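Please keep the viewer open while you read.

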Amino acid sequence: MGTESGYSVNGFANIAMGLSAGSAVSGNVNVGIGTYAGRLSTGDVNLALGYGAGLSTTGNFNSAVGYYAGVRIRGNSNAVFGESAGYALGGNRNVAIGYDSGNYHWGESNIAIGESAQSFQAQAITNNVIAVGKSSRVLSDNGIAIGTGATTTGVGNVAIGNGASVGFT
């Protein structure tokens, strides 16, 4: 429903609502609701809700909710919620919640909660990390950063508190 929604789809049981939503999709059981939601995507069982959500996503079992959330996701079983959350997110089983969280982040089993949490200007790769708080970042595997601006740079490090920083071990 909507101009060009569901246009040029290769697959079955897809739902598209909104201008150009779910158009040029290759896959099955995908949902795109909102202008451009889920457009140019490849994969199965993906959900895109919001203007531009899930645009140009490749993978299966991904959920993107919010204005331009989940644009260019590459991977499976990722969930992003919030305006611009999960832009160019790659890998599997990642969660990004909050405005601009989880951007340009690649890896496996990561959690980012808060404005710009675990977001980068260029591709960064980490696995099994948790970043909670505005602009919190974990730069090595298996780390945790909790608090506004909290940062860890060593494998397995934990930083707790606003502005807390823990270096290499």
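1. Let me begin with the aromatic side chains. Rings of Phe, Tyr and Trp (its six-membered ring) pair if their centres lie within 6.5 Å; planes under 30 degrees apart count as stacked, over 60 as edge-to-face and the rest as tilted. By that rule the structure holds 5 aromatic pairs. One of them joins Tyr-67 and Tyr-68: the ring centres are 4.9 Å apart and the planes stand at 85 degrees, so this pair is edge-to-face. Tyr-67 and Tyr-68 also belong to one aromatic cluster with Tyr-36 and Tyr-51.

2. A word on where the values come from. This is a predicted model, in which local features need pLDDT of at least 70 and side-chain atom pairs count only at pLDDT 80 or more, while totals for chains, interfaces and linings use all residues. Residues are numbered from 1 along each chain as its sequence is written, and side-chain values use heavy atoms, with hydrogens and water left out.

3. Ala-16, by contrast, is buried, with a relative accessible area of 15%.

4. There is also a contact between a charge and a ring. The charged end of Arg-137 sits over the ring of Phe-120, 5.9 Å from its centre. The test asks for NZ of Lys or CZ of Arg within 6 Å of the ring centre and within 35 degrees of the ring normal.

5. Next, the open space. On a 1 Å grid over the protein atoms alone, a cavity is a set of points where a 1.4 Å probe fits but cannot get out, and a pocket is an open set with protein on both sides within 12 Å along at least five of seven lines; lining residues have an atom within 4 Å of a point. Grid points are joined across faces, edges and corners, and a volume is the space filled by probe spheres set on the points. The largest pocket holds about 220 Å³ of space. It has 23 lining residues, and the closest to its centre are Val-25, Asn-30, Val-31, Gly-32 and Gly-38.

6. Which strands supply at least two residues each to the lining of the largest pocket? They are E1 (15-17), E2 (31-33), E3 (47-49) and E4 (63-65). Helices (H or I, at least four residues) and strands (E, at least two) are DSSP runs, numbered from the N terminus. By class, this lining has 9 nonpolar, 14 polar and no charged residues. Here Ala, Val, Leu, Ile, Met, Phe, Trp, Tyr, Cys and Pro count as nonpolar, Asp, Glu, Lys and Arg as charged, and the others, Gly among them, as polar.

7. The structure holds 1 cavity of 30 Å³ or more, with about 40 Å³ of space in the largest cavity. Its lining includes Leu-89, Asn-94, His-105 and Gln-118. Strands E7 (95-97) and E9 (111-113) each give two or more residues to that lining. The lining of the largest cavity has 5 nonpolar, 5 polar and no charged residues.

8. In strand E8 (residues 105-108), His-105 and Gly-107 make up the covered face, whereas Trp-106 and Glu-108 make up the uncovered one. E6 (residues 90-92) pairs with E8 in the parallel sense over 3 bridges, and Gly-90 has Trp-106 as its bridge partner. E8 is also joined to E10 (residues 124-125) by 2 bridges, again parallel; there, Trp-106 stands opposite Ile-125.

9. Another set of 3 strands forms an open sheet in the order E12-E14-E16, with parallel pairing. E12 (137-138) and E16 (165-166) stand at the edges with a single partner strand each, so one side of each is left without a neighbour in the sheet. Between E14 (residues 151-152) and E16 there are 2 bridges, and Thr-151 has Ser-165 as its bridge partner.

10. Finally, two backbone angles to look at. Leu-40, in the loop between E2 and E3, has a positive phi near 60 degrees. Phe-61, in the loop between E3 and E4, likewise has phi near 60 degrees.

How values were computed
Two strands pair if DSSP finds at least two bridges between them. Buried means under 20% relative accessible area, exposed over 50%, partly exposed in between (1.4 Å probe, protein chains only).
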